Amino acid sequence: MKAPAIRGLGVLSGTEAKSVAGASAGADWGSAGAISGPPHMKGLKNETVDSKLEILALPRPDRPGDRFRRATRECLLALAAVDAMLEDGKTSREAIAGERTALLYVTAAAYGASNRAFIEQRGGVMHFAYTAPAVVPAEVAIEFGVAGPYGILIGGAPATLRAIEQAARLLEAGTCDQALVLAVEIFEECADLYARHRRSYRWPLVETAACLWLERGAGALSFESARDGRRAAGAAEPGERFAAGPLADLRDWRARATAGPVELSGRWRGEHARLLWSPDKSHARDSAA
Amino acid sequence: MATPERVVIAAAGVVTPIGQDLEAFWSSLVTGASGISQIERVPVEDLRVQRGGEVKKLGRIKDWRGVPDCRASRLLIAAADDLCAQAAFRPLPLDPARVGVVVGTALGGVEEGEKVLAGDRGRRRLSQALYDGPGWALARWLGARGPVITVSTACASGATALAVGADLLRAGEADAVVAGGYDALCRFVLRGFDALRSLTRDEVRPFDRRRSGLLLGEAGALALLVRERDARGPRLGTLLGYGSASDGFHIAAPEPEGRGLERAIRAALADARVSAADIDMVSAHGTATPLNDRIETAALKRALGRRAHEVPINSIKGSLGHTMGAAAALEAFMCLLSGQRGLIPPTLHLEEPDPECDLDYVPGEARPGRPRVMLSTSMGFGGCNGALVLEAAR
C-alpha cells in the first residue's frame, strides 16, 4: 500500500500540560504530574488511589463561544489537538474543510468521563449526546467544517495503527484527498476505577489528544497484527496512552528527525499491531509545511 | 480504478424483540408483528416512556458458562449462536487466526459501567464496560484469533461494521469475518433518550403525519462475510458498496437538508459501481422522529432522483424500535431476505401519510416484490451518516 505523507501533527500530552493552548489556569480538577481525581472523589483519594499511580492530566482548554458551554473536556482537547496540528502544518483551518477530508477517530476510553458524569448526574445534567464517542469527531467536524468520510474505532494503540492504514487506503482509493486521524484519551475523571485495575496498565496514565493530518504520499506502508495473548496494553513510553500512544510516538520520531522507516507498534487486549512506514521526507517536521 | 473484490454475506444470525433467529425475525417482519412492550429488565418507573423493544428471555443459549454476565455480550453471542447454527461455523472450520470479528455499537458495555459505579467490584466488570468489551467476548466465544475491531459511529455502527469487515477481507487480513452490530437496553440509554424527549408514548410511526418519536430496542445482528472467490454453498447476498459522511452540523440534530446523508448515499452508489436507476428498494433509517423522516425523504429524493419515487422504501423500526448499533445490520439482512423471498416487509403503523414524506413507504401489509439491488441508510448522533448497497442472492 502507498504510504501517506504527513502534512501536520498536533500532540497534546499530559507530560507537558503547560503547552496546551488556551488551557485554563483554573482547570476543573487536578494538574499535570499530580495524583488527582475529580471533586466527588476527593475523600476517596487516599483509600482508592495508590500514591504511586499517577495520572498526568491535561487541563480543560478554554474555547470561546456559547456552543462550547456544555462541551466535554475530551471534545475540547480534540479541538485543541486539531489547532496544534494546523499550527504544525503552518496553515489555516480552511485547508481541512470540506467533503474531501476524511476523519477517523480512535479512543479506548475517553468516553468514560462523560459516561460516568451522566450515570452519576454530577455537576448538573450532562447532555446525553455528549456521552457518545461519536461526539468527539463531531465537534471537530462542526468546528472545522470537515464533511467527508468518517470512521470511529474503539480500542487501544492497534486501533490507531489500523486507522492510519484505513486513512492510507481511503487516500489511495481516491475516496478523499486528505485524512485526519484523531486520538484522544483522558483518565482523570475515572482515576479511582483505573487504580482498581492497576496491574492492567503501565503507569503513569498520560492523558493525550493528538491529530495527524495525512495526504497522498510516495512511500510504502505495511500493517500487521497478531494475537499473542499478552495482557499489556499500549506501546507509548513513558506510561500508558492507550489509543493516543502511536501518535505520540510518531511525534517523538519526527522530533528526532531520524532517517529511515518509522515503525509504530502497540498492544491492546492481547493484540499486537505494527505499522511500518517507509522513508518519506514529509515525515520530518522541517518539511511538514 | 480496479473494481474492489466482492464480499459475500454468506449467512446471518440475529436476536431481536421479534424473534431470536433469522427465520423468526423475518416471519415477524412480514406478518407485521410488534416487539414493543413494557420494559421489565431494568427499572423504568421514573421515566416518561417505559416501553421499548426488549428481548424478554434470552433463550437461545442454555449454558452461559464462560460468557461474561453482560447483557450486551450475551446479545452478541446469542446472535452468533444463530449464525453458527446456520453456517456450521463453531467450532471454526478454518484457521482461527484467519477469522476476524468486527462489531458496531452505540453503547458498548456501558451497563457494566453502571454496575461498577454502583459498587460492583467484579474482576472483569471494568474491562467489559469499555465499548470494545463485548466484541472481545464474542471473539473468545467463537474462538476467533484474527483482528477484533469495534466501531462506534452511533446508530450507523452496524453499517460501518459490515463495511470494515469487508475491508479486512479485501486487505487479506482475514479469510472470514463475523461482522454486525448490537446494543442492549439499559438505564443509561433509556434515561438519556427520555431526557432528550425523543421517545414517543404512541406507536412508532415512521413517515406518518402523526409520528411523534422513536422507541428504543435491543438486538444483536451478525453476518458471516467471506470473499466471493472463497464462498461455498448458499448465501444471502453481496455487499456491493458503502459510503459515509459527517454532517458537521450539530452533535445531536441532523443537518436540516440531509446533505450528509445524501453524500453518504452517493458515495455508497459510487463504491458499488451502480447508479440510482439500479436501486430496487430502500431500507430507510426511518426513526419516526418528526425531523428525521422529513430530512431522509429529502435526501433520498436528491440522491436517487426520479428513482426515489419509483421504488419501495420501508422502515422496520415500528416493529423493533430503534436497535441502535444493531439497526443497520438488521436492516441489511431484511433487504437481502426481501430479495430472496420476494416480499417487502411493511412500515408498521404508517397509516396517515405525511405530505412531506411523499414516497412509497410500503404502508399496511408486506408487498410482493423481488428487489435485486437495495440501498440501506443510517443516521446517528454526531452527524454520522452511513449507506450500504446490497445485492440479494437468487
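The model is predicted. Chain B has 11 helices and 14 strands. Its radius of gyration is 19 Å, close to the 21 Å that the globule rule gives for 394 residues, so chain B is as compact as a globular protein of that length.

**Chain B overall**
- Along the principal axes, the C-alpha atoms of chain B fill a box of roughly 55 × 55 × 40 Å.
- Of the 394 residues in chain B, 65% are buried.
- Among contacts in chain B between residues at least 6 apart in sequence, 79% join residues at least 24 apart.

**The largest nonpolar core**
- This core has 244 residues, and those with the most contacts inside it are A:A81, A:L104, A:L182 and B:F333.
- Helix α2 of chain A (residues 73-88) gives the largest share, 11 residues.
- In chain B, domain 1 (7-230) and domain 2 (237-392) both give residues to the core, so the core lies between them.
- Leaving aside residues up to four places away in sequence, A:A81 touches A:G10, A:L12, A:L182, A:A209, A:A210 and A:C211.
- In soluble globular proteins, nonpolar side chains tend to be buried together.

**Where the chains meet**
- In this interface, 42 residues of chain A are in contact with 43 residues of chain B.
- On the side of chain A that touches chain B, α4(A) gives the largest share, 6 residues.
- By class, that side of chain A has 25 nonpolar, 9 polar and 8 charged residues.
- Strand β4(A) pairs with β5 of chain B (residues 148-151) in the antiparallel sense over 2 bridges.
- A:L153 stands opposite B:V151 in β5(B).

Methods
Residues are numbered from 1 along each chain as its sequence is written. Chains are lettered from A and ligands numbered from 1 in the order in which they are written. This is a predicted model: local features need pLDDT of at least 70, side-chain atom pairs count only at pLDDT 80 or more; totals for chains, interfaces and linings use all residues. Helices (H or I, at least four residues) and strands (E, at least two) are DSSP runs, numbered from the N terminus. The radius of gyration is taken over C-alpha atoms; the globule rule is 2.2 Å times the number of residues to the power 0.38. A residue is buried if 20 or more other C-beta atoms lie within 10 Å of its own, exposed if 12 or fewer, and partly exposed in between; C-beta atoms are placed from the backbone. Two residues are in contact if their C-beta atoms, placed from the backbone, lie within 7 Å. A nonpolar core is a set of buried Ala, Val, Leu, Ile, Met, Phe, Trp, Tyr and Cys residues joined through C-beta atoms within 7 Å. Domain bounds come from an automatic or database domain assignment. Ala, Val, Leu, Ile, Met, Phe, Trp, Tyr, Cys and Pro count as nonpolar, Asp, Glu, Lys and Arg as charged, and the others, Gly among them, as polar. Two strands pair if DSSP finds at least two bridges between them.
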